[in-house]
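Please look through the sequence and the model shown here before reading on.

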Amino acid sequence: MTTGRELEDSIELSRLLPAADLEDLVGAIGRAVGCEIAVFDRQGQRVAGSEAAGAPCRELSHDGERVGNLAATGTRAEDALELVGEAMGLLLHHAHARELAAMTHEQAMRHTFAELTEHNQRLSRAVARLEELDRLKSNFLATMSHELRTPLTSVIGYAEMMAEGLAGPISPEQKEYLTTILGKADQLLGLITAVLDVATLESGQLAMERSALSLADLVASEIATFAPQASRRGIAIQLEARCETTVFGDRRKIRQIVSSLLSNAVKFTPDRGHIGIAVRPGPLTPHGPHGPHNGEHGEAVQLVVTDSGIGISRDQVAKIFEPFFQVDSSSTRAFGGTGLGLTLAKAYVEAHGGRIWVDTTPGQGSTFVATFPASPAEPA
Ligand SMILES: Nc1ncnc2c1ncn2[C@@H]1O[C@H](COP(=O)(O)OP(=O)(O)O)[C@@H](O)[C@H]1O
Ligand SMILES: [Mg+2]
C-alpha cells in the first residue's frame, strides 16, 4: 500500500503512468511527427518508446521535481520532445491528483477506524465494569440475605417456644401477640428468601434437584394452605386434576411456582370470587400443537390457574414477569408483595424446560398457565 511518506519522497513515473499508456502516447506522437522517441525513468531505465532513440536529452519534471528523461531522434526531435513533455506533464498531473485524493481518503478512513476502535475499547471496558458490578451486587444480595435469615430463624424459633409454653405459662393476650410476631416474622422470612432466590438466579448458580413427583398432589397440598384465607373472603378454590401428572423436577421450586400463582389468584380476586386450578396434559407452549397426540398423552403437564379477579391490562402484561414489577406500585397500594413471585416462577418453570404465560382480561380475570415437559428434559 502506498503511504504518504513514499509519495512525498518521490514521484515515481512507473507508478503514476502505466508503461502501456506511455507506449501508446510516444508511439502516436512519434508517428505524427516522424521521430523516434524514448522515455527513461529517474534511474536511467528506459520505460517506453523506441529502442533506436538516442541518449536522454530533456528532463521531464512534475511539481518542480525531475521524474524522468526524454530522448528523440529525427529531424523534428525538438518538436517531438516538446509535445511528449507537455502531454506527459498533463497525464502526470491528473494521475498525481488522483493518487493524492485516494491517499486523503485512505487517511480519513484510518482516522475514522482509529476513532471507532478507541470507542469500542471504551465500551468494552464499560461493559466489563458493569458485569463486575452486577456480580458484586448479586454476591452482596446473597450474603446479605443469608445474614438476615440466620437471626430471623432464631426469632421465629424462640417465639414458637414461648407460644408453646416452653418458658412457662402465657396469657391469651401474650399468645395473641406471639401469633402476630410469628406471622410477621414468617412474612419477612418469605421476603428475604425471595430476594435470596432472585440473587441466586442472577448469579447464574441455580441448582436443580430432580425427582419424579405428582403435580396434582403438590397442588392439593398448596390449596390446603391457601383455603382458610380464601374461604374467609368467600372465595372458592376448585381443583380439577385429570390423568397422570408426574413431573420430573425440583420439588421445592415447583411448590414455589404453584404457591406464587395461587397466592396471586387469591390476592387479586375480590371477595366471593372464584379460583379454579387444573392439572392436565397439553401442549408445552401457548401455540403448541393441539391434536390427537396432545390429548390424553400430552407433550407436557399443564398447571392452569384461573381466577375471576381484577385482570391485567394489555400494556402491563408484558412486564409482570420482570423483577420487582407490580401493576400498582403506589405506596398506598392495596396488595402486599414484592413483585418477585412471577419472576421466580418464570425462571423455575424455564429451568424445568417448560413455559409460563397468561391470558387475561381487565375486570374479568386471569388464567396463568405453567407447563412442564412430560418426560425428563434439559432446561430450555
Ligand atoms: N392473578 C393476577 N391477577 C391480576 N394481577 C396479577 C395476577 N398475578 C400477578 N398480577 C400482577 O403482576 C404483578 C407481579 O406479580 P408477582 O411477581 O407475583 O408480584 P407480587 O405478587 O409480589 O406483587 C402483581 O403485582 C400484579 O400487579
Ligand atoms: Mg405474587
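This is a predicted model: local features need pLDDT of at least 70, side-chain atom pairs count only at pLDDT 80 or more; totals for chains, interfaces and linings use all residues.

D63 sits in the loop that runs between β3 and β4 (65-73), and its phi is positive, at about 50 degrees, although D63 is not a glycine.

F324 also has a positive phi without being a glycine, with a value near 65 degrees. The residue belongs to the loop between α8 (314-317) and α9, and at 54% relative accessibility F324 counts as exposed.

The loop in question lies between β2 (46-49) and β3 (58-62). Once neighbours within four places in sequence are set aside, the residues in contact with S50 are E36, I37 and A38. With E36 there is a polar contact between the two side chains, at 2.4 Å, while the backbone nitrogen of A52 is reached by the side chain of S50 at 2.8 Å.

G288 is placed in the loop between β8 and β9, and with a relative accessible area of 6% it is buried. Between G288 and K319 there are 23 Å in space from C-alpha to C-alpha, for a separation of 31 residues in sequence.

## Helix α5

Helix α5 covers residues 172-202, and its length can be checked against a simple expectation: 31 residues at 1.5 Å a residue should span 45 Å, and because the end C-alpha atoms are 45 Å apart, the model agrees with that figure. Just after the helix, G204 adopts a positive phi of about 70 degrees.

Which residues of α5 are buried? They are L178, L182, A185, I192, T193, A194, L196, D197, V198 and A199, a set that includes the polar residues T193 and D197. The elements that cover these buried residues include α4 (77-163), α7 (251-267) and α9 (341-351).

## The five-stranded sheet

Five strands make up an open sheet, in which the order is β6-β8-β9-β11-β10 and the pairing is mixed. At its edges stand β6 (236-241) and β10 (356-361), each of which pairs on one side only. On average, and with direction ignored, neighbouring strands of this sheet are turned by 15 degrees against each other.

In general, the strands of a sheet pair through backbone hydrogen bonds, in either a parallel or an antiparallel sense. Here β8 (residues 274-282) and β9 (residues 300-307) pair in the antiparallel sense, over eight bridges, and P281 stands opposite V301 of β9.

## Helices on the sheet

Which strands does helix α6 lie across? Helix α6 (residues 215-232) lies across β6, β8, β9 and β11 (365-373), and the helix runs at about 175 degrees to β6. Helix α9 packs on the sheet as well, where it touches β10 and β11, and the direction of α9 makes about 30 degrees with that of β11.

Definitions and conventions
Residues are numbered from 1 along each chain as its sequence is written. Chains are lettered from A and ligands numbered from 1 in the order in which they are written. Side-chain values use heavy atoms; hydrogens and water are left out. Helices (H or I, at least four residues) and strands (E, at least two) are DSSP runs, numbered from the N terminus. The expected span of a helix is 1.5 Å times one less than its number of residues. Buried means under 20% relative accessible area, exposed over 50%, partly exposed in between (1.4 Å probe, protein chains only). Contact means heavy atoms within 4.5 Å. Two strands pair if DSSP finds at least two bridges between them. Axes are lines fitted to C-alpha atoms, for helices over the stretch in contact, and angles run from 0 to 180 degrees between N-to-C directions. A polar contact is a pair of N or O atoms within 3.5 Å; within protein, one must be able to donate a hydrogen and the other to accept it, and residues adjacent in sequence count only if both atoms are side-chain atoms.
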